[in-house]
Amino acid sequence: GPLELELPVAGMTCSSCVVTVERTLQSVPGVEKAHVNFSLGKAHVAYHPEQVDVGTLVGAIKQAGYDVGAAE
Ligand code: 9UX
């Protein structure tokens, strides 16, 4: 089944960035759900580990122009 992960996302300076990060994550094959909380600065992701790894998720966020801190 899917694994769940929280990633701290840096660089979201307005609340609309949330939509960009959510769509970015949701477009990655193997991601089942992605929700971003602006005030916490965190992305909650449900993904299929046989299809995508954490490095790919982090890379997608960085490619979209944001940054990711250490996974908590
Ligand atoms: Mo707001 Mo974010 O004007 O990528 S949408 S800063």
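Analyst: Happy to! In this predicted model, the chain has 2 helices and 4 strands. Read from the N terminus, these elements follow the pattern β-α-β-β-α-β.

The 4 strands make an open sheet, ordered 2-3-1-4, with antiparallel pairing. Strand 2 (31–37) and strand 4 (67–68) are the edge strands, each of them pairing on one side only.

Let's zoom in on one pair. Strand 2 and strand 3 (residues 42–47) run antiparallel and are joined by 6 bridges. Within this pair, Val36 sits opposite Ala43 of strand 3. Helix 1 (residues 17–26) packs on the sheet, where it touches strand 1 (3–10), strand 2 and strand 3. The direction of helix 1 makes about 165° with that of strand 2.

The ligand is worth a look too. Its surroundings consist of Thr13, Cys14, Ser16, Cys17 and Thr20. By class, that shell holds 2 nonpolar and 3 polar residues, and no charged ones.

Finally, here is the chain as a whole. Its radius of gyration is 11 Å, which agrees with the value near 11 Å for a compact globule of 72 residues. Along the principal axes, the C-alpha atoms fill a box of roughly 35 × 20 × 15 Å. Of the 72 residues, 22% count as buried. Among contacts between residues at least 6 apart in sequence, 60% join residues at least 24 apart.

How values were computed. Residues numbered from 1 in each chain as written. Predicted model: local features only at pLDDT ≥ 70, side-chain atom pairs only at ≥ 80, totals over all residues. Near = placed C-beta within 6 Å. Nonpolar A, V, L, I, M, F, W, Y, C, P; charged D, E, K, R; others polar. Pairing = 2+ DSSP bridges. Contact = placed C-beta atoms within 7 Å. Axes fitted to C-alpha atoms, helices over the stretch in contact; angles between N-to-C directions. Rg over C-alpha atoms; globule rule 2.2 N^0.38 Å. Buried ≥ 20, exposed ≤ 12 C-beta atoms within 10 Å, placed from the backbone.
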